[in-house]
Amino acid sequence: MPSVVVTKAANPASGATVAAGQTLTYTLTAVVTNGPTRAPLVLTDTLGAQLTNLQVTAAGAYTRGGTAAVPTVTLPAGTAKGSYPVTYTVDVAAGATGTVGNSVAVTGNGGDPDPECTTCTTEHP
């Protein structure tokens, strides 16, 4: 059975202070082990209301879908063992105040255990 672990990195790092108009860069990386995926692996990123203008800058093996507010990227069933990054940017809205954040949900892959991502929520004051 395949196993998938997803990690998320943010630049600037989660917890760092950001300003209105600033661009944030996120990289999600899925690592597939123990055989190819048996079902599509879907990463769904729910953007906070103060994040706009999502641009996928390096899709790699992923296909983009979803909406502007809730974008998805998908690895197809049968994806071989390996490491699969996807990089995208978002802008902090012009009138943003307080904390901005987002959270990625991981679904699919047909493996056991279910995919996990312990670093998939980020916040910036």
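Buried means under 20% relative accessible area, exposed means over 50%, and partly exposed is in between, with a 1.4 Å probe and protein chains only. Keep those words at hand for the tour.

**Before you start**

This is a predicted model, in which local features need pLDDT of at least 70, side-chain atom pairs count only at pLDDT 80 or more, and totals for chains, interfaces and linings use all residues. Residues are numbered from 1 along each chain as its sequence is written, and side-chain values use heavy atoms, with hydrogens and water left out.

Colour by pLDDT, the predictor's confidence in each residue, from 0 to 100. The chain has a mean of 92, and 98% of its residues reach 70 or more. Strands here are DSSP runs of E, at least two residues, and helices are runs of H or I, at least four; both are numbered from the N terminus. Strand β7 (residues 82–92) has the highest confidence, at a mean of 96. Strand β8 (residues 100–108) has the lowest, at 90. Where pLDDT is low, the predicted coordinates should not be read in detail.

**Stop 1: the disulfide**

Select C117 and C120. They form a disulfide, which is a pair of cysteine sulfur atoms within 2.5 Å. Here the sulfur atoms are 1.7 Å apart. The structure holds one disulfide. Look along the S-S bond: the torsion is about 85°, so the disulfide is right-handed. Are C117 and C120 buried or exposed? Both C117 and C120 are buried.

**Stop 2**

Select Y26 and Y88. Rings of Phe, Tyr and Trp (its six-membered ring) pair if their centres lie within 6.5 Å; planes under 30 degrees apart count as stacked, over 60 as edge-to-face and the rest as tilted. By this rule the count is one aromatic pair. Y26 and Y88 make that pair, and the pair is tilted: 5.6 Å centre to centre, with 45° between the planes. The pair links distant parts of the chain, with Y26 in strand β2 (residues 23–33) and Y88 in strand β7, 62 residues apart. Y26 and Y88 are both buried.

K8 lies over the face of Y26, at 4.6 Å from the ring centre. The rule for a charge over a ring is NZ of Lys or CZ of Arg within 6 Å of the ring centre and within 35 degrees of the ring normal.

**Stop 3**

Select H124, in strand β9 (residues 121–124). H124 counts as buried because its relative accessibility is 0%. What does H124 touch, not counting residues up to four places away in sequence? Contact means heavy atoms within 4.5 Å. The partners of H124 include A10, S14, V18, L24, Y26 and V100.

Next, display polar contacts: pairs of N or O atoms within 3.5 Å, where within protein one must be able to donate a hydrogen and the other to accept it, and residues adjacent in sequence count only if both atoms are side-chain atoms. A polar atom of the H124 side chain lies 2.9 Å from the backbone oxygen of P12. The backbone oxygen of A13 lies 3.2 Å from a polar atom of that H124 side chain.

Stay on P12, in the loop between β1 (3–11) and β2. A cis peptide bond joins N11 and P12, with omega about 5°. Most residues other than glycine have a negative phi, and most peptide bonds are trans.

**Stop 4: two asparagines**

Select N34, in the loop between β2 and β3 (41–47). N34 has a positive phi of about 65° although it is not a glycine. N34 counts as exposed, because its relative accessibility is 55%.

Then jump to N53, in strand β4 (residues 51–58). N53 also is not a glycine, and its phi is positive, about 60°. N53 is partly exposed, with a relative accessible area of 44%.

**Stop 5: along the strands**

Select E123, in strand β9. The C-alpha atoms of E123 and G101 are separated by 4.2 Å, although the two residues are 22 apart along the chain. Leaving out residues up to four places away in sequence, E123 touches S14, G15, T99, V100 and G101.

Move to T29, in strand β2. T29 counts as buried, at 17% relative accessibility. Beyond its neighbours within four places in sequence, T29 is in contact with V5, V6, T7, S83, Y84 and P85.

**Last stop: D114**

Select D114, in the loop between β8 and β9. D114 is exposed, with a relative accessible area of 61%. Draw a distance to G48: the C-alpha atoms of D114 and G48 are separated by 25 Å, and the residues are 66 apart along the chain.
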